Amino acid sequence: MKLTLLLFSFLACLSSLDAQLNATLRSNVDFGVNVNDIWGYVAPDGTEYALMGLDTGIAVISLAEPDAPVVIDVTSQPTSIWRDIKSYRGFAYATADQGSYGLTVIDLRELPEKISYQPYTYEVPGYPGTFSRAHNLYIDTLSGLLFTAGGDRNINDGGVLIFDLKENPAEPRLIAQGPPVYAHDVYVQDDIMYASEIYLGELGIYNISDLANITKLGSTQTPYRFTHNAWSNQDGTVVYTTDEVANASVAAFDLTDYNDIELLDEYRPLTSLNTRTIPHNVHFINDYLSISYYTDGLRVVDASDPTNLIEVANYDTYDGPDGGFNGDWGAYPFLPSGLTLVSDRQSGLFVVDVNYVRAARLRGTVNDGDADVPLNGARVEILTEQANLTNTDATGNYATGIAGEGSYQVVASAEGFYPDTVTVTLTRGEEVMQDFTLTNRQTTAFAFVVADGQTGAPVVDVRVDLLNPDGTYTALSDSAGAVRFAEIFDYDYTVVATAWGYQLEILEEVHPMQTALDTFFLDRGYEDSFVTDLGWTVSGNATRGKWERGVPTATYNIEGPGQPGEDSPWDFGDQGYFTDPAGGNSNSRDVDRGETQLRSPLFDLTDYGSGVMLTYDYWFSNLSGNLPPNDSLTVALSNGDSTLTLAVYRGAVTEWQRDTILLDGLLPFTGEMQLIVTTADENSSDNLVEAAFDNFRVLDSLMLSPTPSLPQNVTRVEVYPNPTSDVFQLAYDLETAITAEVEIFSVTGQRMFQQRITGRRGNLTFGEGWAPGLYLVRITSGGRLLQVGKAIKR
C-alpha cells in the first residue's frame, strides 16, 4: 500500500527555521508520531529509499521524486522510542531497545509495490533467556556480518552479538559474541571493530579477523566519558567519536598506534556553544563528517585535516530551544544522489541537498611582542558571517577556517593587549599561515563621583562595573561618593551603576583616557535587572530547584520547555533569578517537594507620590506529573504589617511575560515594603515546576524629574505635535554641540525608544504604532539628566 503524508514546502519550512549554510531542503514528511533513527536503501533499479524508525514501527519511503517522497508502508510493532536500521542486499534489519521483537528482517525485494517483515529472537549460548532487543546494529556489507549492540545486560552484559547474513539474508544466524562489555553502538571496517563502551566512557578497538578469538587492540577515553558512537576514516587511521551529553564535542583520534591513541581535535557548533546542545551520531564520508545534533540539526564538517575540523554546511530542522533530546536524531549521507536524510524526532523526515565544499583554513601563532613569548588563550577571528572564533593553546598556536573563500580581515586579540588586524586571502581546500604579534595595552587610573540625580548629594556603596569583553573591573563608591579604579587597561567600557533605591544607570562607550566623567548621576527608584547582587534572599523547604541568581540555560521535557534559555529580553545584562539556571532535563532539576521563596530587600515608598507602578518579567512552567498540573507562581507585597497577594500564575508559558501593577491604595506605603515571589511543588503531585523572575522596577512619574540646575547649553527641546494621534517630532537646538541620549518610556517603565543625538541641532521622529497613553521623554548626557517632558498619544 502507498501512503502519502503531508509534505511541507521549502518556503514554509524556511519561515520557521534559521538560515542554513550550504544546504537546501528538498522535502519534509511529518508522520504524526515521533521518529528516531534513519538509514537508506538503493533498489536494483536505482531508486533510493529512506528507512525511518518511528515510535510505532519502521517506515519505508520512496525517494523516486526527492521533492515529493511517498511512504510505501510502515511495519506495525510494539512502541519503542529507540530503533536502529541498516540495509544489506534486498533487506533491511531493525532493532528496538523496547519490546521483545529481537531482530526484525524487512524484505525490500518487491518494492515499490510492497514490503514484508519477520521478527527473530535468539537463544544465546551461555546465557538464560533469549535475545529480544538491542539499542543499535551495524552491518559490514563486505563481510556480510551484522553486529548488534546495547542489548539485555543479562546477555553478554549487553555487549556485541554477531550474525551471519551471507548464508541466508532472510534468516540471520547468530554465530559469535563480542567481549562481554556493554557497547552502546558498534562500527566495523576491515576486520576492526569499534565498540562505543558508553558506561566505561571509552572506545574499545578489537581485531575480529578470527571470530573465535576476538582480541583487543587498544582503547581511549572520549572527552566527555559517555561514548555514544564512532566512525573511522577510509583507511582506519583516524576515528571520530561522539559523547551523548550536553556541550560535548565530536572528537578526532589518531589510530596509527593503538598503544598511544592521540586526540587530534574537537568540533562543536560555534553558534550554540555552552547551550547544552548534545551530539548524537557521526558518520564519515569522503573526508567529511555528517553529524546529527539533537537541537542543532545536521552539521557537516570538513575532516580532510583531522587536526583542524571546520564546519562547512548545516541544516537545522528544529526551531525550539537548545539543549535536550528533541530535534535531529540521525543523518544518513550515503545515497548515490548525494542527498542526506535527516530524522527529526518531532517533525519526521527531512531530505536535504548538501553542497559539500572544502574549508578554507588558517593556522599560525600569536605572540606577546614585549615579552617575546607565545600567548595562551588569545582569540583569533576571521571577520565574516560564519562563526569561527578560536583560541590559542598553551604554545600560542591556533587553527581555524571557514566555508567561504576570498579576502577577509582577521583579528587577533587578548586581554591586556592591543588587537592586531591583518587582511588574508583564503581559498577553499588550502591553508594559509598567519602569525600575530600583540603589544601590551596602556593602563590608567579612572575616578569619578556618583551623586543623587535630584539632590546632587553623593551616594555611598554604589557598585560600579566597567564592562568590556576583554576586561571587567568593579568598585564601590566611598563615603564621599567617589569611585576609584587605580589601574585599568585602555579599553572602551560600558559603565554600569547599581544601588538599591536607585534606577540602573548605564553609560556606553566610556574611554578612561579620553572621557571626562566628573559626576555620574543616579535617578531615584527601585530597579534590579540582577546584573549585580543587591541583596535578594532565598528561603523555603523545597528539596531542589531553589531560586538562584545566574545566567540561565534552557531546560526541556517531552511536554515542552521548562526554563527559558535566556533572561528577560527587555532588560540589561543576561542574569535573573531562576529555579533551575543550570539547564538540562526538567525532571532532574525542577522545584520538588516544597516551596522556594524569593524576597526583595526592603524598600521605602513613604515619599512616593501617586501612580506608583510595579513592573516585572516572569516565566512559569507547570507540566504534568502524577496528577494534573496544580502548582503556581505567586507574587505578593508586604508593608511590614500586612501581606497582599498581587498575582497568581498557573499553567505553562513558552516565552517571557511582563506584568504591571498599580500599587496605589493596595497597602499603606511604609519604609518596610518587600516583594515576595513564591513557587512550590505539592508533595503529592510531583509535577514539573520551573519559574523565572527578572527586570524588577518600582517607579512613579515623579522619579523622572530633571536635575535642579540644567546645563546652560540646552537652549530648546520641543516635542510636537503634542498631543497627537500620529507620530511625534522632537526638535533640539543647542548653543554648543554635545552628545546626548534621548529615551522615551511608557508609564509602566518600559523603554519604547532610544537614540543618541550629536551636534547642535536636529530632529527625531517617534511614536508610530504606539498605543494611546502618556509617555515620558528623558534626555541625558554623560550620566546627567538634562531635561524631561511628557508626550500624550491619543
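T277 touches V245, A246, N247, A248, S272, Y293, T295, D296, D322 and G323, leaving aside residues up to four places away in sequence; contact here means heavy atoms within 4.5 Å. This is a predicted model, where local features need pLDDT of at least 70, side-chain atom pairs count only at pLDDT 80 or more, and totals for chains, interfaces and linings use all residues. Residues are numbered from 1 along each chain as its sequence is written, and side-chain values use heavy atoms, with hydrogens and water left out.

Back to T277: its relative accessibility is 3%, so T277 counts as buried (under 20% relative accessible area, 1.4 Å probe, protein chains only). T277 sits in the loop between β23 (262-267) and β24 (279-285); strands are DSSP runs of E, at least two residues, numbered from the N terminus.

Now the rings. There are 48 aromatic pairs in the structure, meaning Phe, Tyr or Trp (six-membered ring) centres within 6.5 Å, with planes under 30 degrees apart called stacked, over 60 edge-to-face and the rest tilted. Here are two of them:

| Pair | Centre distance | Plane angle | Class |
|---|---|---|---|
| Y526 and F603 | 5.4 Å | 50° | tilted |
| F728 and F766 | 5.1 Å | 20° | stacked |

Y526 is in strand β48 (residues 526-528) and F603 in the loop between β55 (594-599) and β56 (613-623), so this pair ties together parts 77 residues apart in sequence. Y526 and F603 are both buried. F728, in strand β63 (residues 728-746), and F766, in strand β64 (residues 751-766), are 38 residues apart, and both F728 and F766 are buried.

Note on methods
Helix = DSSP H or I, 4+ residues; strand = E, 2+ residues; numbered from the N terminus. Buried < 20%, exposed > 50% of the residue type's maximum accessible area, 1.4 Å probe, protein only.
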